[in-house]
Amino acid sequence: MKKLLFLFSSIFALTLITGCGSNKELQERAPAQFQDIYYAQGENGLDLHIPVAVIQDNRVSMDSVYFRGMKSPLIQDKEQSNLFTANFSTADGMDVMSSDPAEENKNRVPQKTEEMPFELEDDEAILVFSQNDKTKYYKLTGIEAQN
């Protein structure tokens, strides 16, 4: 009987520990003031553009973004410091078919889908950012295509 009680209490404790570690909550307050967020089809896939009006650089660090089943790091534009971009490779990776292996090495590697921590619509993304050395998540909505 003691072994059975120990087994059930161990399973319960393990469930509590693993459940708390994977709990990811969305922030209700935006880490910055965003302008209209948009995406465009580029030559290497999909480019998500996040223009920022105001951000506290000393407190908030933009990390990555989940969008349409993929995750990509955010890169701050060198010319426009208020613009962050994430590139998602949507190509199938087989642009060049050749008997020369060197030519086929130019093919892009397709981006794998990521397990998303949240349910998202096509016009939504999850922004992953750091604030005071803690990883946080914020849902971006109303993302539109730009030609």
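Analyst: Happy to! Let's start with Asp133, which sits in the loop between strand 8 and strand 9; strands here are DSSP runs of E with at least two residues, helices are runs of H or I with at least four residues, and both are numbered from the N terminus. This is a predicted model, so local features need pLDDT of at least 70 and side-chain atom pairs count only at pLDDT 80 or more, while totals for chains, interfaces and linings use all residues. Residues are numbered from 1 along each chain as its sequence is written, and side-chain values use heavy atoms, with hydrogens and water left out.

Asp133 has a positive phi of about 65 degrees, although it is not a glycine. Asn132 belongs to the loop between strand 8 and strand 9 too, and although it is not a glycine, its phi is positive at about 55 degrees. Asp133 is exposed because its relative accessible area is 80%, and Asn132 counts as exposed because its value is 51%. For these classes, exposed means over 50% relative accessible area, buried under 20%, and partly exposed in between, using a 1.4 Å probe and protein chains only.

Now for what follows the loop. Lys136 is found in strand 9, residues 134-140. Lys136 is buried yet has no salt bridge, and the nearest side chain of opposite charge, Glu25, is 10 Å away. A salt bridge here is a side-chain nitrogen of Lys or Arg within 4 Å of a carboxyl oxygen of Asp or Glu; Lys and Arg count as positive, Asp and Glu as negative, and His and the chain ends are not counted. What Lys136 does have is a side-chain polar contact of 3.4 Å with Gln131. That term covers a pair of N or O atoms within 3.5 Å; within protein, one must be able to donate a hydrogen and the other to accept it, and residues adjacent in sequence count only if both atoms are side-chain atoms.

The structure holds one salt bridge, and Glu124 forms it with Lys139, their closest N and O atoms being 3.8 Å apart. This pair links distant parts of the chain, with Glu124 in the loop between helix 2 and strand 8 and Lys139 in strand 9, 15 residues apart. Glu124 is buried because its relative accessible area is 14%, whereas Lys139 counts as partly exposed because its value is 27%.

The loop between helix 2 (101-104) and strand 8 (125-131) also holds Glu119, which counts as exposed because its relative accessibility is 74%.

Arg68 lies in the loop between strand 4 (60-67) and strand 5 (70-73).
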